[in-house]
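Subject: A structure to look through, with notes

Dear colleague,

I am passing on a structure that I would like you to open beside this message. Please look it over first, and then read the notes that follow.

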Amino acid sequence: MNLPVLEARGISYAYAPGLWAVRDISFRAAAGGKVALLGANGAGKSTLLLLLSGAEHVCLGEVILNGERADYSRAGQRRWRRSVGLLLQDPEDQLLAPTVEQDVAFGPLQSGVAEEAARGMAREALEAMGIAQLAARPVHELSLGEKKRVALAGLVAQRPAVLLLDEPTSGLDAAGIRSLLQLLDRLASEGTAIVQATHDVDRAYEWADEVCVLFRGGLLAHGQPAQVLSDFDMLEHASLEPPVLLEAALAIGARQPLPRSREAFRQLAMATVRRETP
Ligand SMILES: Nc1ncnc2c1ncn2[C@@H]1O[C@H](COP(=O)(O)OP(=O)(O)O)[C@@H](O)[C@H]1O
Ligand SMILES: [Mg+2]
């Protein structure tokens, strides 16, 4: 496995004394890795992302960034923000400038890039997110899916090593979800470590190469999707439902490797029917 770019060692966080929202979580994100943080509402996904982004100071444990203990000084946090981007669940909380291009150029400008170069970086990020045509549009006119992409472009413009995304697909339609996940796949294939919080077990099963299941702030299970998500008792304990594909595959007697896509499942089901039809 690649050296992790971001690592949490036994981190805990409480919003109020004794009320632990994240408990003793250890976690690694490596270059090009695709991690899904799964958990029911209130499990601690958003809090964990805030801790990993450096926006909140851990109460216990430590965060390691590129092999060094992350520091919470102003200069340290500036470096942290440049390496680790956090996409908030609601893009309204992230988009601040009047037009799309101004918003996406904001991050580079803040890090001291000159205006012309920052505009170039913004245009490049918009291009990469497939929304170059939105550059001059007022942010407030955009659809939710467009706003999420603009907010993502704002992070991508800073070329972070790690992208943390809080329920990036929530509220999007099926086509919007598919194209967003494809964008994330591309960023991962270019070496960005991607950590996505979601309660969508079905998409996580198909998309992630590692899943972490959170329950009441603790890490209940983590590992390869097919292995972790075939533990139906554990999922029930975490108030999550098994991925439909996995449940159906196991019901027809599938063995390793279990199908990760609808197409793989369809082929498996056809082969099973053929075998069992005299
Ligand atoms: N700003 C806050 N103040 C106090 N408690 C909070 C705050 N945000 C979250 N919590 C609590 O922390 C726990 C984890 O919440 P959160 O990280 O938002 O979970 P998730 O993102 O998995 O839904 C919950 O019990 C929630 O009530
Ligand atoms: Mg949340």
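Among the contacts in the chain between residues at least 6 apart in sequence, 64% join residues at least 24 apart, where two residues are in contact if their C-beta atoms, placed from the backbone, lie within 7 Å. Please keep in mind that this is a predicted model, in which local features need pLDDT of at least 70 and side-chain atom pairs count only at pLDDT 80 or more, while totals for chains, interfaces and linings use all residues. Residues are numbered from 1 along each chain as its sequence is written, and chains are lettered from A and ligands numbered from 1 in the order in which they are written.

The chain has 11 helices and 10 strands, which are DSSP runs (H or I, at least four residues, for helices; E, at least two, for strands) numbered from the N terminus.

Of its 13 residues, 10 are buried, so H5 is largely enclosed by the rest of the structure. The buried ones include Lys147, Arg149 and Leu152, and the elements that cover them include helix H3 (100-110) and strand S7 (162-166).

Next comes an open sheet of four strands, in the order S2-S1-S4-S5 with antiparallel pairing, where two strands pair if DSSP finds at least two bridges between them. Strand S2 (19-30) and strand S5 (68-69) stand at the edges with a single partner strand each, so one side of each is left without a neighbour in the sheet. Strand S1 (residues 4-16) is joined to S2 by eight bridges, and alanine 8 stands opposite phenylalanine 27 in S2.

Finally, the residues around ligand 1 include Tyr15, Asn41, Lys45 and Thr47, a residue being near if its C-beta atom, placed from the backbone, lies within 6 Å. Helix H1 (residues 45-53) gives the most to this shell, with three residues.

With best wishes

Note on methods. A residue is buried if 20 or more other C-beta atoms lie within 10 Å of its own, exposed if 12 or fewer, and partly exposed in between; C-beta atoms are placed from the backbone.
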